[in-house]
Amino acid sequence: MSDKLKIGISIGDVNGIGLEVIIKTLLDNRILEYFTPIVYGNTKVASFHRKALGINDFSFNVIRDPEQAHGKRPNIINCWQEEVKISLGEENEIGGKYAFLSLKHAVDDLLAGKVDALVTAPINKHNIQQDEFDFPGHTEYLQSRTASGDVLMFMISDNLRVGVVTGHIPVKDIAPKLSIETIVSKLALMDASLKQDFWIQKPKIAVLGLNPHAGDKGLIGLEDETIVTPAIEQARAAGIFCFGPYPADGFFASDTYTKFDAVLAMYHDQGLIPFKHIASRSGVNYTAGLPVVRTSPDHGTGYDIAGKNVATETSFREAIFAAIHIVERRREQEALMSNPLVTRRLARDRD
């Protein structure tokens, strides 16, 4: 049991469905055979959600440090002591304040090596804004906390993987943000992640065009001719097996995506709308390019269904297992690379 990974879990917005999907995931004791969960939140807030769901046969083991975690119980660390007013389904400052406290404590322990990976429940990108969180979302916060260079928002599922060049920015800013260097950087991150985190030896990557019909040879915008295509050519020259640009509509409608290991979209909705439809509530948001492993479900705070006991835990459960698999692959690869087999060229028999 001591060899099991410790997975840190931040609870997200306390007024949303974060704790619902967390509790529903951990309610099945069989899942504890695979990892030790450590939830960063507050026992009273968790009890409020448990009672709202009508779940009576579930409890957390309260600890102060991950070292105290019980391998056969869901564990929780109290990140604050004060009473919190829960307003299920409401977007307010309270939801953002305590979502950040949970996230901060979890990331502190992740960076200290006390937990092996982090799974984040959904936050509200507006109400979480404060002095210590001036970021568009989890991805950029973790990028800052880990002092990482470029990172990739990488949506993953059993049958589709989609990354985006530009993330949480206004549509009017997408084209000005695109450059050959930016696209090549994202392709390099995707290629490296597919090899390291998913053990795909020679990944085949599709690149989507920016404009309708991928610009139609310059008739509908010049970016695909002057930026996207040269970026693909440069990446291929660097050894990345990538193709395109493909018109996004026909690419997904014709199931062309099934012929590739991953897809690089130019902007958020171009990639995430088809991904969420195809993944069918089992997708996972993974931040590639970090020195640590972080995943999250592919849905939001779910204010409209908070407290109604209708949220499904499928995506959150998949996010946990994705984190476990990625950590294990990284560690196994590191072990293999640290002690590689010695090879020698055999001399040709001259008899």
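I took buried to mean under 20% relative accessible area, exposed over 50% and partly exposed in between, with a 1.4 Å probe and protein chains only. The model is predicted, so I noted the limits: local features need pLDDT of at least 70, side-chain atom pairs count only at pLDDT 80 or more, and totals for chains, interfaces and linings use all residues. Residues are numbered from 1 along each chain as its sequence is written, and side-chain values use heavy atoms, with hydrogens and water left out.

Helix H3. Helices are DSSP runs of H or I with at least four residues, strands are runs of E with at least two, and both are numbered from the N terminus. I found that H3 covers residues 93–111, 19 residues in total. Its first and last C-alpha lie 27 Å apart, close to the 27 Å expected at 1.5 Å a residue, where the expected span is 1.5 Å times one less than the number of residues.

I listed the buried residues of H3, among them Tyr98, Phe100, Leu103, Val107 and Leu110. Gly95, Gly96 and Asp109 are also buried. Their cover includes strands S1 (5–10), S2 (35–41), S4 (75–78) and S5 (117–120), and helix H4 (138–145); contact here means heavy atoms within 4.5 Å.

Ends of H3. At the N-terminal end I found asparagine 92 as the cap, with a side-chain oxygen 3.1 Å from the backbone nitrogen of isoleucine 94. After H3 comes glycine 113, with a positive phi near 80 degrees.

By class, I noted four nonpolar, three polar and one charged residues in the lining of the largest cavity.

How values were computed: Nonpolar A, V, L, I, M, F, W, Y, C, P; charged D, E, K, R; others polar. Polar contact = N/O pair within 3.5 Å; in protein donor to acceptor, adjacent residues only side chain to side chain.
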